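Thanks for coming, everyone. Let me put a structure on the screen and walk you through it.

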Amino acid sequence: MAKQSTNNSLPVFDKPKVELHIHLDGAVRPETILHFAKKREMKLPVDTVEDLLQLIVCEKPASLTAFLGKFAHYMPVIAGDREAVKRIAYELVETKAKEGVIYVEVRYSPHFLANCNVDPLPWNQKEGDLTPDEVVNLVNQGLREGEQDFNIKARSILCCMRHMPKWSSEVVELCKKYRNEGVVAIDLAGDESLNCEAFPGHRRAYEEAVKSGIHRTVHAGEVGPPSVVREAVEVLKAERIGHGYHTVEDQELYSQLLKQNMHFETCPISSYLTGACDPDYTKHPIIRFREDKANYSINTDDPLIFKSTLEDDYKTVKKYMGFTEEEFMRVNLNSAKSSFLPEKEKKDLLNRLYEAYGMVKTTEF
């Protein structure tokens, strides 16, 4: 089933929204890629926005591996360039503000945007002088400037990569260093077949996160089995699950997480195009989440590669999954409650939503 276009139509949900799962490197504007390719004199196989999108965009369901391969087409143009790193963060905030988002948590791997103090160097880059630490500082700057210019709150989550456990100790240290400058959590992304028993570097990083009071989310149960979700919760002490669709295949685990009010960061269009779920949206696990009043959010994941907007995801769940305005409000309130903001800022965010939704702020929805 094809996703819905937002052209020439009223928004499905025109009230303020919260987004908790979007990748910075999957949300770069194609115009920005072309700009820095020209500026850095780096040859791309295409030179127009239309042709670039033909190269990058997933038009129909494919494997998660095929999807991840799309990044290699354009990330060498962005990685290692200070101006580019700061700009993509700023532009993401602008885009989200235009979509009616008032709070966003954007995630990325600092190592994938660096070209110094990284082993191995990503994207076949030559050694440069942009370290993962400076990447985080630049992203923070871009997000802060976007906040000021577009009246939106933006925070970031730093990703460990499953295939690179030796990076994880530095990721958690960067979370600690920048926790008061916009970084709110640690994440683990990548190939779910690489479990933490075989790669203890991730487990140690998450143990340090728990010890240091760093919030934790984990990509799990997107394409992997429920056992990956169980590992995320029991071993890594995840407070939220990225995607988590396959959790419903283990009724005991699913019931346990419902009781714990575990938050699932769902991404409807993403799950269709990466082959994570049945291509028939009317059979999607999100429907089960909705029926069971689970705690979950609706997010875009990688809007560049899916050529989508948050509106597209909202339209999809309304058309195929029976979403109502009441459910959209419930989902966004749960997103705010499950955000990694400090308690006072979280209460302020919730009060903004209650006011916008015409609710008394003490309402339990």
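I'll start with the overall fold and then turn to charges. Keep in mind that this is a predicted model.

First, the fold. The protein has 16 helices and eight strands. Its radius of gyration is 19 Å, close to the 21 Å from the globule rule for 365 residues, so the protein is as compact as a globular protein of that length. The C-alpha trace spans about 55 × 50 × 40 Å along its principal axes. Buried residues account for 59% of the 365.

Now the charges. Side chains of opposite charge can pair when their charged atoms come close. How many salt bridges does the count give? It comes to 33.

Take Asp119 and Lys166. Their closest N and O atoms are 3.3 Å apart. This pair links distant parts of the chain, 47 residues apart. Asp119 lies in the loop between β2 and α6, Lys166 in the loop between β3 and α7. Both residues are exposed.

Next, helix α15. Glu327 and Arg330 form a salt bridge there, at 3.1 Å from N to O. They sit three residues apart, so about one helical turn separates them.

Arg230 is partly exposed at 24%, and Glu234 is partly exposed at 38%.

Last, the surface. Glu31, Asp47, Glu50 and Asp51 gather there in a patch of negative charge. Glu31 belongs to helix α1.

Conventions:
Residues numbered from 1 in each chain as written. Predicted model: local features only at pLDDT ≥ 70, side-chain atom pairs only at ≥ 80, totals over all residues. Heavy atoms only, no water. Patch = residues over 30% accessible without salt bridge, like charges linked within 9 Å, V, L, I, M, F, W, Y side chains within 5 Å. Areas by Shrake-Rupley, 256 points an atom, 1.4 Å probe, with all protein chains shown as cover. Salt bridge = Lys/Arg side-chain N within 4 Å of Asp/Glu carboxyl O. Lys, Arg positive; Asp, Glu negative; His and termini not counted. Charge placed at Lys NZ, Arg CZ, Asp CG, Glu CD. Helix = DSSP H or I, 4+ residues; strand = E, 2+ residues; numbered from the N terminus. Rg over C-alpha atoms; globule rule 2.2 N^0.38 Å. Buried < 20%, exposed > 50% of the residue type's maximum accessible area, 1.4 Å probe, protein only.
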